[in-house]
Amino acid sequence: MRTPTSVALVLLLGAIPCAAPAQENLFPQASVIGGVETRQYNFGENFGADYIRQIAFPVAVLVPVGKRFSFDIGSNYAITSVGRPKSAGGKESFSDFTDTQLRGSYVFGRDVLVASVMMNLPTGPQTTTLRQFSVASSASSNFLLFPVNTYGSGFSVTPGLALAATAGDWNLGLAGSVRVSATYSPFNDSNNQGAKYQPGVETRLRAGVDRLVGSSRLTVGFTFSTFSNDELRGGSFGNGAYDPGDRFLVDVGVLAPAGGGTIGAYVWNYYRSSSGSSGAAAVGGKENVFTGGLNGNFPLSSRVALEPVAEARLWSPEDGKGSLFGVGTSLRFEVGPRVWLIPGGRVDYGRLRPPQGKSDTITGWSLGLLLRYGL
């Protein structure tokens, strides 16, 4: 029930070309970004589901105001479907808007300090039935790559600061944020209408460095997140507290010129320490996700670029394991001076053994289209 930073909005921001160094505003121009992404995973016969599919329609607006202030806002409409054997109920679907994230940022100096405040606005369905929640949460995975991990979780505010400095050939960065969330009612079943969920306070710290190594750029980052206990009261669940566990993320990337374009190599490792609960059924546990890959950007003409990717992902939860290997590509079209069109696709293959289950194959595919229009 904990809402991460909107995955869709992060992907949308990544679709924008990088701004020039020492610019005074985070966004070079006002833009509207929208699109559609369909992703499906098919499971072997040892799983309770034949497939999980999600279709997401992200939209974001990015607006610079003056030289130093900017704001962005983003949301999704998502359709999540689970295909089960007829004996287990057949296909089930859940569709709705997600929460909306609104962020304002102010740049001090020449990119030396950035202050921001993000608000999670509860436009998504905070209250659902247990059955609807089961379908929607089937896409909540740190291992699989669904575009939307969660629909709604109530109002929250996240203030943050980011500081940049140089030390010789190194660029140094440090950022921190604190998220405070309001209580909300997660379920409206007859036995759970009185249930109240209070997410704990999240504190996040990130440090990063980068530098030129020959003609390549090396980037290293570390992120740490810690949480106070979530609390659930009322309904058929009784009263209990949930410790989500601390989160650690280490990432390393190298970007190098290759021919007329660039090629990048990256690895990152996400680790969640053991979680625990009291007064309710135990949920979760420690897990580790390791990912490594290659990506590239190769101009095919003055207005078209090819962006291939190959990636391997290994999942090691407290019980179970998984591996996933994927290849894909996208094309970046500059349709006009203000319009970018980015279609793409990907296929994945691997094996998955869920907790208390048997290992079997998993295959996946995705198709997407992003459109950016500069105002």
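Across the whole structure, a search returns 10 aromatic pairs. One of the pairs joins Y106 and F108 in an edge-to-face arrangement, with 4.8 Å from centre to centre and 65° between the planes. Y106 counts as partly exposed at 34% relative accessibility, and F108 likewise counts as partly exposed, at 39%.

The rings of Y184 and Y197 also make an edge-to-face pair, because their planes stand at 65°, with the centres 5.8 Å apart. Since Y184 belongs to the loop between β8 (170-181) and β9 (196-198) while Y197 sits in strand β9 itself, this pair ties together parts that are 13 residues apart in sequence. Y184 and Y197 are both buried. A charged side chain also meets an aromatic face in this model, as R211 lies over the face of W170 at 5.1 Å from the ring centre.

Strand β10, residues 202-213, pairs with strand β11, residues 216-227, in the antiparallel sense, and 12 bridges run between them. Within this pairing, R204 has S225 of β11 as its bridge partner. The two strands form a hairpin with 2 residues between them, and G214, which lies in the turn, has a positive phi of about 65°.

Strand β11 pairs with β14 as well, again in the antiparallel sense, over 9 bridges. Here the bridge partner of G221 is D251 in β14.

Where does G245 lie? G245 is found in the loop between β13 (240-243) and β14 (247-258). With a relative accessible area of 2%, G245 is counted as buried because this value falls under the 20% limit.

Leaving out residues up to four places away in sequence, G245 touches F227, S273, S274 and S275.

## Nonpolar cores

The largest nonpolar core of the model has 24 residues, and those with the most contacts inside it are Y41, F43, L144, L352 and I362. Several elements contribute to this core, for β1 (31-43), β2 (51-65), β3 (69-83) and α2 (130-136) each supply at least two of its residues. Apart from it lies another core, made up of 5 residues, among them F27, I33, I342 and L370.

## Confidence in the model

The average pLDDT of the chain is 87, and 89% of the residues score at least 70. Over residues 1-23, however, pLDDT stays under 50, although the model has 59 contacts beyond four places in sequence for this stretch. Where pLDDT is low, the predicted coordinates should not be read in detail.

Terms used
Residues numbered from 1 in each chain as written. Predicted model: local features only at pLDDT ≥ 70, side-chain atom pairs only at ≥ 80, totals over all residues. Heavy atoms only, no water. Core = buried A, V, L, I, M, F, W, Y, C linked by side-chain atoms within 4.5 Å. Buried < 20%, exposed > 50% of the residue type's maximum accessible area, 1.4 Å probe, protein only. Helix = DSSP H or I, 4+ residues; strand = E, 2+ residues; numbered from the N terminus. Phe/Tyr/Trp six-rings, centres within 6.5 Å; stacked < 30°, edge-to-face > 60°. Lys NZ or Arg CZ within 6 Å of the ring centre and 35° of its normal. Contact = heavy atoms within 4.5 Å. Pairing = 2+ DSSP bridges. pLDDT = per-residue confidence, 0-100.
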